[in-house]
Amino acid sequence: MKELLNKIVSQALDAVSQCADSKSLADVRVRFLGKNGEMTAVMKGMGKLSPEERPQMGKLVNEAREKIENALAEKDKKIKKAELCAKLSAEAVDVTLPSKPTRELGSVHPLTRIKNEIIDIFKGFGFSVAEGPEIETDYFNFQLMNVPKDHPARDMQDTFYIDENILLRTHTSPMQARIMTTQKPPIRVVVPGKVYRSDDDASHSPIFNQIEGLAVDKKITLGDLQGVLTAFAEKIFSKDTKTRFRPSYFPFTEPSVEMDVTCSICGGKGCRVCKDTGWVEILGAGVVNPHVLDMCGLDSNEYSGFAFGFGVERIAMLKYGVPNIKMFYENDVRFLKQFNKEA
Ligand code: PHE
């Protein structure tokens, strides 16, 4: 029996040493130590031994079993290690390979970019920034702006009414009244925001962006307005941009002006954008109408002010030579990408 055990052990060790993977090792375990395995057969045969022989043989069987177990465990470790190495090298990632193209990076929309640029310029002049409601009352949008009900000047701005007294603001000017009725001068503020007009062609959109400006203090004059707006035009277009002011009419400013700048596309020589005049109109402005100051609770004998308002899209179209306002809203990436160079 001792010999049989030795034989089984040496066969088992032999079989273990020949195993190359977990599966064959598992087979060897079953073959020698399993329920119907060779060692189990020997153990079953122990019943036939005499009581004196039994402990001695039991010891030998246990030793043999232990040897096989140890060999299996050791081999198991080796195989697992080899398998892990093989798996790791098969799955190795070459970190030097260029990555697959992923989603493209987005960028700031050209209108937002230009709006921020404009706001930065006015901040540099000492203006603060305010925002107000797009759904506005007739009172702020028109009446406090010196446009009473049934006044013909209402025709200047085609209005989307919600009901008789509520509308989508047609300009950012109602914020002049909202600020003047709540703040004491000195006031220097710009107001960016969306405005709405029933108007739709290559240079007009029913929703567009305006920037309003308001300065109220003692002794503010039309000269201050011209100085600030000329400095603004030089900064947003170019240093050699010239400005000119033409008389105009707005109910809330007196006198009222429109400001033209030398065409930024042709530099004033004449082109399609400026219709060969060398000049383009960019904004409306004027000295705050004393009646508006008084209606808003500021004494027009003590204070005066200037105000201006312009379209962000218009500035962007002139600055970049964009022929159609709709291009800003279509979000065609080929268009948008062109503004992303200095990002
Ligand atoms: N609110 C006027 C417009 O939208 C522009 C403007 C603002 C004119 C301030 C004068 C003063 O047409």
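F122 touches F127, V190, V228, L229, F232, F308 and F310, leaving aside residues up to four places away in sequence; contact here means heavy atoms within 4.5 Å. This is a predicted model, where local features need pLDDT of at least 70, side-chain atom pairs count only at pLDDT 80 or more, and totals for chains, interfaces and linings use all residues. Numbering starts from 1 along each chain as its sequence is written, and side-chain values use heavy atoms, with hydrogens and water left out.

F122 also belongs to the largest nonpolar core, which has 43 residues; I118, F122, I282, F308 and F310 touch the most other members. Such a core is a set of buried (under 20% relative accessible area, 1.4 Å probe, protein chains only) Ala, Val, Leu, Ile, Met, Phe, Trp, Tyr and Cys residues joined through side-chain atoms within 4.5 Å. Elements supplying at least two core residues each include α5 (110-124), α8 (222-236) and β9 (304-311). Helices are DSSP runs of H or I, at least four residues, and strands are E runs of at least two, numbered from the N terminus.

Now for two helix pairs, with axes fitted to C-alpha atoms over the stretch in contact and angles from 0 to 180 degrees between N-to-C directions.

| Pair | Angle | Axis distance |
|---|---|---|
| α5 and α8 | about 135° | 10 Å |
| α1 and α2 | roughly 170° | within 10 Å |

α5 is therefore oblique to α8, while α1 is roughly antiparallel (over 145 degrees) to α2. I8, Q11, A12, A15 and V16 of α1 meet L25, V28, R31 and F32 of α2. In the other pair, E117, I118, I121 and F122 of α5 meet V228, L229, F232, K235 and I236 of α8.

Key:
Buried < 20%, exposed > 50% of the residue type's maximum accessible area, 1.4 Å probe, protein only. Parallel < 35°, antiparallel > 145°, perpendicular 65-115°, else oblique.
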